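Hi there,

Here is the structure I promised to pass on. Have a look at it first, and then read my notes below.

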Amino acid sequence: MKRIAVIGAGHVGLVTAACFAKLGNKVICVDNDQKKIIALKKGIIPFFEPGLEELVKKVVKKKTLSFSFSIAESTENSEIIFIAVGTPAQKDGEADLSAVEAVTSEIAKAMQGYKLLVEKSTVPVLTGEWLKRTVNLIKKKNVDFDVAANPEFLREGSAILDFLQPERIIVGTESKRAKKLLAELYQPIKAPIIFTDIKSAELIKHASNSFLAAKISYINAVSQICEKVGADVNQVAQGMGYDSRIAKKFLSAGIGYGGSCFPKDVAAFVHLAEENGYDFNLLKAVQKINQEQIDFVFKKIKKCLWTLRNKRIGILGLSFKPDTDDIREAPSIKIMEKLLSEEAILQVYDPQAMKGVKKIFPELTYCKNPYAACKNAELLLILTEWEEFKRLDLKRVKKLLQKPYLVDARNIYEPKRMKQLGFIYEGVGRK
Ligand code: UDX
């Protein structure tokens with residue numbers, strides 16, 4: 001059993017804290033957002049993540065997880081301190097590490113005895129060097145510490161599973177003591193654990209996420225070619241995926257990737273490369289293709305409706321992916337901005353994400369169910385592949401639509417069946 005502090009109660013920090021508590025450790029989760037901490041103490045989770053509310057309630061009841069506003073108090077009562085605060089992208093793509101620096105300084109001030117500071121947030125390589133330097137400048141002379149990198153590979157919507165049953169654990173350390181502590185901490189998790197140096201561990205995270213984003217942009221580029229030559233990108237992806245060197249996952253063409261990670265991590269990796277004298281053209285192309293997919297889908301809508309002013313468009317799916325309420329960098333936000341700029345009338349439905357979108361676009365019509373979003377629409381636009389949309393009564397949908405246009409930006413339907421049902425169907429790279 002270890003005494004752990006997790007600084008940052010966001011998607012990464014709260015899942016990390018709850019799962020470490022579930023594994024029998026004594027965990028304090030800290031956040032400077034007092035409202036969030038008060039809500040968490042009442043068992044209210046500030047975002048949707050399947051299974052997290054029940055898990056937090058369980059470990060709080062068992063007193064293995066508690067919440068605090070104070071980094072000082074949590075530092076004193078812990079030996080391992082995970083830094084899990086946000087590292088958002090700045091305008092030029094560089095990761096904003098000001099929150100990481102701020103919490104590191106507070107930890108350093110509060111340190112009375114040995115502490116292991118662990119980077120859990122996604123940070124650019126060389127951040128570990130900065131952490132060491134920051135702590136050395138602030139800490140009391142006789143206090144010993146280590147820094148380690150332990151990047152997370154949590155996917156929103158399956159974060160708890162990804163934590164407890166990871167395909168691999170990455171640990172970057174510089175001392176035997178730090179390596180031993182983290183080896184013991186992760187012992188209950190049956191997964192390969194790769195011990196490496198801090199810089200390599202930091203780079204594994206950026207390189208992994210950027211590779212996944214590249215795979216998505218690659219199949220999206222192929223979808224553009226499929227459209228031009230009359231091939232079907234889902235068939236192409238299926239044929240590709242049998243090769244274990246390519247593999248089946250992350251070959252779903254669509255409106256492109258969003259979320260709080262891929263856009264930020266790719267931009268940070270491009271920036272970091274440039275800072276170190278390498279022009280990462282490959283990733284710049286990945287970013288460009290991802291933006292082009294939004295335009296590609298927008299053009300399909302225009303091809304159907306010609307003009308958009310006062311045209312009623314139904315939208316199913318607002319979150320950046322299914323099983324989350326997260327709309328950060330969601331393609332839906334970008335394409336709705338374009339539709340609204342041409343004065344289309346939007347009626348939308350999403351199982352989880354409407355609350356967040358209402359803050360951005362209060363003027364939209366928010367529907368209680370997917371069928372209400374279809375009612376009298378001249379076109380139906382599918383933006384997120386929620387399971388419930390795959391099971392819709394399409395005959396009922398068609399009856400509700402004023403015109404049978406359906407733009408499927410996540411390729412959840414089969415073109416042949418849609419045409420048989422009388423839809424004028426537009427997928428992405430489908431035929
Ligand atoms: C990602 C990484 O998968 C995870 O390992 C990392 O820790 C955090 O970032 P997440 O952003 O939650 O996780 O979602 P993910 O399931 O990876 O999807 C990212 C985006 O790619 C979504 O917008 C999704 O719609 C899109 N995507 C995914 C595709 O467009 N096509 C695909 O085939 C797969």
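**A helix across the sheet**

Helix H12 (residues 281-305) lies across strand S9 (312-316), strand S12 (379-382), S13 and S14, and runs at about 175 degrees to S13. Helices (H or I, at least four residues) and strands (E, at least two) are DSSP runs, numbered from the N terminus. Angles run from 0 to 180 degrees between N-to-C directions, with axes as lines fitted to C-alpha atoms, for helices over the stretch in contact (heavy atoms within 4.5 Å).

Please keep in mind that this is a predicted model: local features need pLDDT of at least 70 and side-chain atom pairs count only at pLDDT 80 or more, while totals for chains, interfaces and linings use all residues. Residues are numbered from 1 along each chain as its sequence is written, and side-chain values use heavy atoms, leaving out hydrogens and water.

The open sheet has 6 strands in the order S11-S10-S9-S12-S13-S14, with parallel pairing (two strands pair if DSSP finds at least two bridges between them). At its edges are S11 (365-366) and S14 (424-426), each pairing on one side only. S14 is joined to the parallel strand S13 (residues 405-408) by 3 bridges, and Tyr-405 has Ile-424 in S14 as its bridge partner.

Next, Ile-333, found in helix H13 (residues 331-341). Beyond its neighbours within four places in sequence, Ile-333 is in contact with Ile-327, Val-357, Ile-360 and Phe-361.

Best wishes
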